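Hi,

Here is the structure I promised to pass on. Have a look at it first, and then read my notes below.

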Amino acid sequence: MVERIPSGTRDVLPDEMRELRLMTDRIRGVFERAGFGEVYTPALEYEATFSRGDGRSAVPEYAAPAYRVFDEQGNVLVLRSDMTVPIARLAATRYTHSEPPLRFSYFAHAYRGVRPQRGQSRELLQAGVELIGAAAPEGTAEALQVLCEALDAAGLETYRVGLGDASLYPSLLEAVGVSPDSRDRILGELVAGDFVGVESELRALGLAADDAELLLRVPRIRGGPDVLEGLTGRVEDAAAGMRAVHALVAPEIAGRIIFDLGLVRSLGYYTGAVFQVYDPAHGVPIGSGGRYDELLAQFGRPLPAVGFALNVERLHIALAGEERGRMAPRER
Amino acid sequence: MSELRIAVPRGTLFEGSLDLLDGLGVDTRGVRENDRRLLFEEVGIITMRPSDVPTYVEAGAADLGITGKDVLLEQSERELYELVDLGFGRCTMVLATVAGEDRAAEALRRLGVMRIATKYPRVAARYFLDTGRQAEIVEVKGSVELAPLTGLVEGIVDLTATGTTLSENGLVVREEIAHCTARLIANPVAHKLKAPAIDAILERVHAV
């Protein structure tokens, strides 16, 4: 009989481990040179650390803690599902009097629930940074700069970075007077990628024609700087924020950016700019990040912050895909 | 279109999908003439069963896909974009039982639970959960109509276009669960990286 391991987990053998180690060593070099000192936090945290004051999860839905255990005193502990929350806690408690900005990096496993038969990971290795105490747009631009340098160092060539604004669509819905209930439903459809559902929800609301048209059009806007032209009102405000970030990064990084007004991410701690890393060699995003300007306040030290996490395993798949593509350019 | 690869469902949505692609200027003659080949790289088409379309599109093995809303409802956790309601392939997801006295209702009243056969176990489970009724879902792969006629179950949840198959088997629709049509879906990464090509298709779809 073969001893099994839980679905969504795996053993890493030497050939793969060497390749992973090569990638993470290169990325670690970038993080260190950029001043992001590496930290490690416990895999187990108190459940309350991952909840907000109102009892809701502090993290986006896809990163909600999935594994709970009791300690000897009956406290509920969770296996960390994310590194941003533990590092926010670390920054607020260990650096109470340090002058911001604070820069941290990590290479650590996060633990998440999986749906059966989907190839999802219960245990995923993340490589990322958190930049605490640096506001938009400068902080966002610095994070993007480090992100792209890390991807370059890992050896990825054809990646792109989608840049959006988490607050844009919710504030648009609020501005045209959509009720909180409908707002949640529409955002839910948008997070699920159901544009047909968004359209039918909007139609059912009976909005003014130009409001409805705007709400339908905005989430579909994505592309180079030209897509940000001719916008007005709140959309232009968000676009101005994105342009400011775009103007601050090096030209080769600016060329990697895809403006994406439909990038909403699932709720949770994101407040402003959000980003996602794409590579044509892999069908799913290989990393993501964004601003979380309100999370640190929960731990008693209100500071704006931004960070990103790369999924090391997906990065490896994309890298292998790119290499294969370069050897046989016709094969998709 | 050459830049994009689209997953086309064989079966009831096949004709409508190819007609749509004809309207977009894709040469589908080769696809229509050859029902064994699966991959038509020269026109960017791959063919498969409708329930496999989300699998290929989610993984990025196809950039776009056409499939029924019924399939998307059943596989609702997939990470893909549902871009357009294509309007064709209209049908309804229904709860049906044998004509006459409603045996499913009777089972629910007397036994506290009804047995329901379906090819859409998740849609059915969610529907009964949402409507506050206990149901034991029996997943079948073939003709669902057989199940209530043989006493395997009291009712079925299935897709019907005209109702003919149901009535020929002595079944009647008791409740309508959802209206379904063909949808155009996209891989989220392709939607960002190949935006101009995908938007050009959407524009032509709206114009057709």
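Let's start where the two chains meet: in this predicted model, 17 residues of chain B are in contact with 17 residues of chain A. Three elements of chain B, namely α3 (53–59), β5 and α9 (188–193), each give at least two residues to the side that touches chain A. β5(B) provides the largest share, with five residues. If you sort that side of chain B by class, you get nine nonpolar, six charged and two polar residues.

Now hop over to chain A and find helix α6, residues 195–205. Which residues of this helix are buried? They are A:Phe195, A:Val196, A:Val198, A:Glu201 and A:Leu202. Within chain A they pack against α5 (180–191) and α7 (209–217), and from chain B they meet β5 (81–85) and β11 (182–186). After α6(A) comes A:Gly206, which has a positive phi near 65 degrees.

While you're in chain A, here is the overall picture. Chain A has eleven helices and twelve strands, and its C-alpha atoms fill a box of roughly 65 × 60 × 50 Å along the principal axes. Its radius of gyration is 20 Å, which agrees with the value near 20 Å for a compact globule of 332 residues. Of those 332 residues, 43% count as buried. Take the contacts in chain A between residues at least 6 apart in sequence: 70% of them join residues at least 24 apart.

Back to chain B, and to β11(B), one of the strands that α6(A) packs against. Why call β11(B) largely enclosed by the rest of the structure? Because five of its five residues are buried. β11(B) pairs antiparallel with β4 (64–68) of chain B over five bridges, and B:Thr67 stands opposite B:Arg183. β11(B) also runs antiparallel to β5(B), joined by four bridges; there, B:Tyr81 has B:Ala186 as its bridge partner.

How many residues make the contact between them? Four from domain 1 of chain B touch seven from domain 2, and those four are one nonpolar, one polar and two charged.

Last stop: the open sheet of five strands in chain B, in the order β8-β7-β9-β6-β10, with mixed pairing. β8 (135–139) and β10 (171–180) stand at the edges with a single partner strand each, so one side of each has no neighbour in the sheet. On average, neighbouring strands are turned by 25 degrees against each other, direction ignored. Inside this sheet, β7 (114–118) and β9 (155–160) run parallel and are joined by three bridges, with B:Ala117 partnered by B:Ile156. Helix α6 (121–130) of chain B packs on the sheet, touching β6 (91–98), β7, β8, β9 and β10. The direction of this helix makes about 175 degrees with that of β8(B).

Happy exploring!

Note on methods
Residues are numbered from 1 along each chain as its sequence is written. Chains are lettered from A and ligands numbered from 1 in the order in which they are written. This is a predicted model: local features need pLDDT of at least 70, side-chain atom pairs count only at pLDDT 80 or more; totals for chains, interfaces and linings use all residues. A residue is buried if 20 or more other C-beta atoms lie within 10 Å of its own, exposed if 12 or fewer, and partly exposed in between; C-beta atoms are placed from the backbone. Ala, Val, Leu, Ile, Met, Phe, Trp, Tyr, Cys and Pro count as nonpolar, Asp, Glu, Lys and Arg as charged, and the others, Gly among them, as polar. Two strands pair if DSSP finds at least two bridges between them. Axes are lines fitted to C-alpha atoms, for helices over the stretch in contact, and angles run from 0 to 180 degrees between N-to-C directions. The radius of gyration is taken over C-alpha atoms; the globule rule is 2.2 Å times the number of residues to the power 0.38.
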